[in-house]
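Visitor: Hi, could you walk me through this one?
Guide: Happy to, here it comes.

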2 protein chains.
Amino acid sequence: MVTDRGDCLRSILFFVFAALLLFAVSKQGLIQPKGPWWLSFNNVRKVKLTGAVQHTGAMFPEFKNLANQIPLHPLDPLTVQEINRVREILVSHQPFSASFPSIHSLELDEPEKDTVLSWVKGDPLPPRKAFVIAYLNGQTHLVTVDLGSGQVTSNVTVPGSSGYPMVTTEDLISALRVVYSSGEFNKTVEGRGVKLSDLSCLTPSTGWFGPEEEGRRVVKVTCCSKEGTPNFYMRPIEGLVVTVDIDNQEIVKISDTGRDIPIPPAKNTDYRYVVQKESPKMQPLNPISIEQPLGPSFRVEDGHIVRWANWRFHLKADQRAGMIISHAKVQDSETGEFRSVMYKGFPSELFVPYMDLDEGWYFKTYMDAGEFGLGETAMPLVPLNDCPRNSYYMDGLFASVDGKPFVQPNMICIFEKYAGDINWRHSEVPIIVDARESRPKVTLVARMVATVGNYDYIFDWEFQTDGLIRAQVGLSGMILVKGSPYENLYQSPKNNTKEMSSPFVSENVIGVIHDHYITYYLDMDIDGSDNSFLKVHLEKERTLPAGKSPRKSIMKAKRQVAVTEEDARIKLKLYDPFEFHLINPSKRSRLGNPVGYKLVPHGTAASLLDHDDPPQLRAAFTNNQIWVTPYNRSEQWAGGLLSYQSKGDDTLATWSERNRPIENRDITLWYTLGFHHVPCQEDFPVMPTVSSGFDLKPVNFFQRNPIIAAKPNLQEDLPICWSRQLH
Amino acid sequence: MVTDRGDCLRSILFFVFAALLLFAVSKQGLIQPKGPWWLSFNNVRKVKLTGAVQHTGAMFPEFKNLANQIPLHPLDPLTVQEINRVREILVSHQPFSASFPSIHSLELDEPEKDTVLSWVKGDPLPPRKAFVIAYLNGQTHLVTVDLGSGQVTSNVTVPGSSGYPMVTTEDLISALRVVYSSGEFNKTVEGRGVKLSDLSCLTPSTGWFGPEEEGRRVVKVTCCSKEGTPNFYMRPIEGLVVTVDIDNQEIVKISDTGRDIPIPPAKNTDYRYVVQKESPKMQPLNPISIEQPLGPSFRVEDGHIVRWANWRFHLKADQRAGMIISHAKVQDSETGEFRSVMYKGFPSELFVPYMDLDEGWYFKTYMDAGEFGLGETAMPLVPLNDCPRNSYYMDGLFASVDGKPFVQPNMICIFEKYAGDINWRHSEVPIIVDARESRPKVTLVARMVATVGNYDYIFDWEFQTDGLIRAQVGLSGMILVKGSPYENLYQSPKNNTKEMSSPFVSENVIGVIHDHYITYYLDMDIDGSDNSFLKVHLEKERTLPAGKSPRKSIMKAKRQVAVTEEDARIKLKLYDPFEFHLINPSKRSRLGNPVGYKLVPHGTAASLLDHDDPPQLRAAFTNNQIWVTPYNRSEQWAGGLLSYQSKGDDTLATWSERNRPIENRDITLWYTLGFHHVPCQEDFPVMPTVSSGFDLKPVNFFQRNPIIAAKPNLQEDLPICWSRQLH
């Protein structure tokens, strides 16, 4: 139980619910992690990924060296030089010249929308600005930096009572250092039979639950044993939670309610291919691949402009949102004009409430984007498995806590997808008309994966040639589990599934029920910025008078334009259905229909928590599935700009309360998709992907089916392939 | 206007809402259609489809000649010899020896479930029997024929008041002949400016709307002009409907309320690739294909047993259901045992109510499976476009009205799908654990397309290696349109989308709002036949007493086993959510959880029609999304065995009213998925595919994630491909 603590370096693997980091810590101090997943700028390089493929015909302009990258589009993220320049400007600015703050966010301050919309390639770029969220002496600074003039143009301080910025790795490291130097903690861990060298600690956010933890930045520390497994998540030291004041570097509370709960066994938890002794009992699959011998049909121009088929959009990595689609335009199938569909779209916030009231669990109500950052936690994609062969990879370039740039390598992949599906089809009778027409569906996908600790969130944007945009979220990775004193249901006094809300998923392991909500920011600009939100209500009419028709009832579509925000707060109801259109009331088709796109939800779930429950207050943006707000530059993060320990006083729900006019204006659509997750044995020790999403589908946007003239697959177009295994 | 009617053959293309046929009719009589889509047995042959591909390594046992096929499994469909033998037996049986009935269905009478379940390969087949639905002199005969003894073992007559069997092609031809020989009809058509030689007529079913049409078999005839287009659906002769008594071969009523409505123009309606003058304005796509140089990993054994990865199931074509999956078993990833999941699954009925009360529209409330047959209307799949390259094709073998066998060639395809998706993944921090694990998702799809006249229904069953089964329905083809006296919304007195329920989709063309409901029969047998339906209710609890927890509310999973059918009539509610499990209460996992599968709906819609509305009475099986009934051999068709002109007195809803016990019994799950369809311009003249479906997902069925040991994609496994276009 007792390790030599005198002179050895001990490694603690800790996990933050977003900034997944590894570091080696000694009693004397901290060794800055070095590795491909966490690069300071001194070490900027593309990570060599096994299996990366060169393809004939794949002609992508690659930035061999991010250090030489220059911005080419008004929305391009800050470059290495620009990030360094912002840091220089901050260093010479009061009060930062005296004491440099910790940098929690340092990103492009996007130009005004009008400026971006009027810019064309060849024009000089609009002034480059940075928006910085810095933290110093208990205050958050919202700083705007003008790179042209080299000036800080604005510095607004915000007190901690309004919430804090995304935590940094250093915040979490310091919290762990505090915990680690606690004799009481170490004794407790050893008392549970876990060697300190086997300790892997996680740093979940604390949420907000009233005055007790208010006024100070607090994080929780929970720990696992990594003895015998890389999958330490499955070996929780149940009931041990340390509450740490990050800024004051002190322990607020150590709670250990789990002394009678064994650490669950390591057996069967390792998911790595190299350690698998036996293949699953099934016929092996022959190799299968999406092949394009002439290479992909898309191009990435100027680093961020993706062009494919009839689509053109700007794609960038973002430390908080993960991946941002901007300026998505689709080419009119008849005029060739590129027509605006979406000015900006990204997952604005996640809400992941766990359903367990125990001391070690009640606070687990994460808002992953605002607390930890989806880009911050993105891992390099695994070629050939996360993305198919012909993928193009894009890096993320962010700022670390010291204001210096670092790279998230191979964070985004772009690829064409062909799944054997059908774009459209119809068969007719051959004697009069020999029409057996069918068109294969080929789409373009942009993908990233945020590994927010245990969970892996797979974010896809998929573009179809018929104008449809699909956003999809896949959930994989590890479920968050709870140790149980009982090995299984047979031993449990609740030997009855009826009484157990959260089920056993392995020996001594309970999969705690939870929800996932992902709220998308969708600044739709349908053929221009001024749009309206049209609700097409499908309602039953009793057909009257009696005897008028053999039918007694009918469904009719009644159209209602939302006038103010209140009209656009929508809870989906199967038996009170609507279609939800974003239309341009100034543009009508040749037939007189307003041009539009509709939002089509896939399977989803809604939060059942009370609206006055603190987690739901903070995540009040999930109170409805749909909201529409007038465009407001400052309203992008559904849980508020500063959502760490936020109280819910600056969310989409509070903005919407202003009930502003939204008709024929620049408006933003918000959609929340959800999952209830009652875990099961199949989710152990790693969970098969579960997906859902939504579509943005053109409705009277095109004059007619835009892909009617698309080419079918012909035999002579197909590749000729052989396999190494044939020899 | 006037054609030479004296001696020329005139061709009428007519369309039946299921039996899409072409025929040439003279004044003297009927010329039996000959063509690949409609083969009498004399002409049994595989149709040569362009683009069919031979692949290295694809080693499928093919039945070169269906005439030599013999049954090898108790569930195998009747063979050519068996169908002919059934006909011989019927011919010598009273009353059919005097007058041979029209054969509306002639299929295998499946053996009792116990018999099938106890049969193993090598055993002699259980006695082969046929179930025949024949129609003679206004009465339906339900006939059972024993092929072994050569006897009719049962012949039950049913009066017409209980509904009629699926219509036959001959029924519809005779109805059209009646219409065609009507001077009044011909005059009306010519009065609308349509040459009789340009006439294409459809034969929609009449539904049931009370006593007026009761007691006689009635079909409606509506017509279009095919002048200048193969897409006659877009050129309706609006308002002209002829009601025909099929058996008495007489016109009941000619209604023409559309004299002021022009025939919409042919322009832009032809969807065939050969006539497209201009490609859509978009960058062309490079060739893309799912490639497997070693061939597919699945095998089709004995004609109908599909084996792939960890799955094994029986697959057959069916004249009414289209495609039936039987005996689906998945291999346990650890023991290797094949475990039962689903005894039988198929789309049991469709309900497609249109929302227009006009004389020419009110009756359009189709039940496509029972009225026309999904297999009957299936067209040969288009290789490389309906299904990807490495597909295996399966024929359907059915009986025609004279009891002779005919082939639906290449009706089903089976293929492996790889869409670039992820089966499971997790990334860890490489310094301690170099775990960046991701597994590609490869699935197996069985697909067929029913072209029920204008609409193309793409039915997919998809099998995943993690045990999940997905059923998916894609809608494409032509929407049903209505002629308008106005060219567009600007000209319409309702120049206001608010007042128009169904919108303009082209000049003088309105896309009539409608719904689609597809009700699946799912005889789940989870590890055996005796199962229970477990509802896992996710319900909010206020956390009490106040102060007990910082949380004010929580969601809990409460488990309720459905005792009788009433407990299992489910309307989905977003804010009152359940999980729906089929469990085997006698089999618990090592942890004590009952083994099960859950039903996971995707996006769906529900019928808003009143329950006492005649179409909804007939389609009362759509009153709930979920039903569970005790297994009953005679309860397979949700709208009743005889659903043509049915009154709704023999539907899933009426069976469920018996409120039978369903706990720990052999039970059947029914799920209805739906679409509301408000058409739009993009649906004209052919509609991009819209899809939805549902999943059957293992829940505590496996001891753990069954694909944890699956192999990742490796560079050396991938094919080496080149393109003809490179030269």
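Visitor: How many salt bridges are there between chain B and chain A?
Guide: The count is 17, a salt bridge being a side-chain nitrogen of Lys or Arg within 4 Å of a carboxyl oxygen of Asp or Glu. This is a predicted model, where local features need pLDDT of at least 70, side-chain atom pairs count only at pLDDT 80 or more, and totals for chains, interfaces and linings use all residues. Residues are numbered from 1 along each chain as its sequence is written, chains are lettered from A and ligands numbered from 1 in the order in which they are written, and side-chain values use heavy atoms, with hydrogens and water left out.

Visitor: Which residue of chain B does A:D421 form a salt bridge with?
Guide: That is B:K417, with the closest N and O atoms 3.9 Å apart.

Visitor: And which strand gives the most to the side of chain B that touches chain A?
Guide: Strand β21, residues 405–427, with 13 residues; strands here are DSSP runs (E, at least two), numbered from the N terminus.

Visitor: What area do the two chains bury between them?
Guide: About 19,100 Å², of which 59% is on carbon and sulfur atoms. Buried area is the accessible area (1.4 Å probe) that two parts lose on being put together, summed over both. B:I288, B:R551 and B:R559 supply 5% of what chain B buries against chain A, more than any other three residues.

Visitor: Switching topic, what rotation superposes chain B on chain A?
Guide: One of 180°, with 0.0 Å of shift along its axis and an RMSD of 0.0 Å, using least squares on the C-alpha atoms of residues with pLDDT of at least 70 in both. The two copies are therefore related as by a two-fold rotation axis.

Definitions and conventions
Helix = DSSP H or I, 4+ residues; strand = E, 2+ residues; numbered from the N terminus.
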